[in-house]
Amino acid sequence: MKKISLERLSVLVQQRRNELGMTLVELGNSTGINRLLIGRIESKKFIPSLPQLEVLLQVLGLDFDDIV
């Protein structure tokens, strides 16, 4: 079974958000995830729930395989 890499998730979320020119607030508004939680994801201090992860990946144009 594949496991989510918190390190990979953190790097990809921050990198992709910056590529899209989005602030934490904008990404939070687009995903329904509080900007503080997104900041904690980016700093490797929070693992989102599966529904949160699904919406986050969709908004950022990432695939689940990118983070495992």
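Ile41 touches Leu9, Ser10, Val13, Phe46, Pro48 and Leu56, leaving aside residues up to four places away in sequence, where contact means heavy atoms within 4.5 Å. The model is a predicted one, in which local features need pLDDT of at least 70 and side-chain atom pairs count only at pLDDT 80 or more, whereas totals for chains, interfaces and linings use all residues. Residues are numbered from 1 along each chain as its sequence is written, and side-chain values use heavy atoms, with hydrogens and water left out.

A nonpolar core is here a set of buried Ala, Val, Leu, Ile, Met, Phe, Trp, Tyr and Cys residues joined through side-chain atoms within 4.5 Å; buried means under 20% relative accessible area, exposed over 50%, and partly exposed in between, with a 1.4 Å probe and protein chains only. In soluble globular proteins, nonpolar side chains tend to be buried together.

The protein contains 4 helices and 0 strands, and its elements run α-α-α-α from the N terminus on; helices (H or I, at least four residues) and strands (E, at least two) are DSSP runs, numbered from the N terminus. For 68 residues, a compact globule would have a radius of gyration near 11 Å, and the value of 11 Å for the protein agrees with this, the radius being taken over C-alpha atoms and the globule rule being 2.2 Å times the number of residues to the power 0.38. Along the principal axes, the C-alpha atoms fill a box of roughly 35 × 20 × 20 Å. Buried residues account for 31% of the 68 residues, and 62% of the contacts between residues at least 6 apart in sequence join residues at least 24 apart.

Two further residues illustrate the local surroundings. Arg17, placed in helix H1 (residues 6–19), counts as buried because its relative accessible area is 10%, and, not counting residues up to four places away in sequence, Arg17 touches Met22, Thr23, Leu24, Leu27, Glu42 and Leu60. Leu37 lies in helix H3 and, at 23% relative accessibility, counts as partly exposed. With residues up to four places away in sequence again left out, Leu37 touches Phe46 and Gln52, while the C-alpha atoms of Leu37 and Ile47, 10 residues apart along the chain, are separated by 9.0 Å.
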